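Dear colleague,

I am handing over a structure that will be new to you, and I would be grateful if you kept it open while you read. My notes on what was found in it follow directly below.

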Amino acid sequence: MIEVSAPVPTVQKMFRLRWNIAAELKAEAGRESSREGRRVTETEIVERLLKKHLKIQ
């Protein structure tokens, strides 16, 4: 049986990043996708890092 959770509301944010940071973020999303065998988005990585930095779950 597949458990379905309620959708989590999101808010759109727009950021400007330095070119080298944006390029590395994109590359890391590709590397993680290959390692995990599923699509890992840049947003997912940024969200994970912000949660860690802000000490939130």
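Helix α2 is followed by Lys 55, whose phi is positive, near 55°. The helix itself has 13 residues and reaches 18 Å from its first C-alpha to its last, which is close to the 18 Å expected at 1.5 Å a residue (the expected span being 1.5 Å times one less than the number of residues). Helices here are DSSP runs of H or I with at least four residues, and strands are runs of E with at least two, numbered from the N terminus.

Before going further, please note that this is a predicted model, in which local features need pLDDT of at least 70 and side-chain atom pairs count only at pLDDT 80 or more, while totals for chains, interfaces and linings use all residues. Residues are numbered from 1 along each chain as its sequence is written, and side-chain values use heavy atoms, with hydrogens and water left out.

As for the whole, the protein chain has 2 helices and 0 strands. Its radius of gyration is 14 Å, well over the 10 Å that the globule rule gives for 57 residues, so the chain is more spread out than a compact globule (the radius is taken over C-alpha atoms, and the rule is 2.2 Å times the number of residues to the power 0.38). Of the 57 residues, 11% count as buried, where buried means under 20% relative accessible area, exposed over 50%, and partly exposed in between, with a 1.4 Å probe and protein chains only.

Helix α1 (residues 19-36) and helix α2 (residues 42-54) pack at an angle of about 100°, with their axes 9 Å apart, and they are therefore roughly perpendicular to each other (a term that covers 65 to 115 degrees). The contact, meaning heavy atoms within 4.5 Å, is made by Leu 25, Lys 26, Glu 28, Ala 29 and Glu 32 of α1 and by Glu 42, Ile 45, Val 46 and Arg 48 of α2.

Glu 32, which lies in helix α1, is buried, with a relative accessible area of 7%, and, leaving aside its neighbours within four places in sequence, Glu 32 is in contact with Val 40, Ile 45 and Arg 48. Val 46, in helix α2, is partly exposed, with a relative accessible area of 34%; Val 46 and Leu 25 are 21 residues apart in sequence and 8.4 Å apart in space, C-alpha to C-alpha.

With kind regards

Conventions
Axes fitted to C-alpha atoms, helices over the stretch in contact; angles between N-to-C directions. Parallel < 35°, antiparallel > 145°, perpendicular 65-115°, else oblique.
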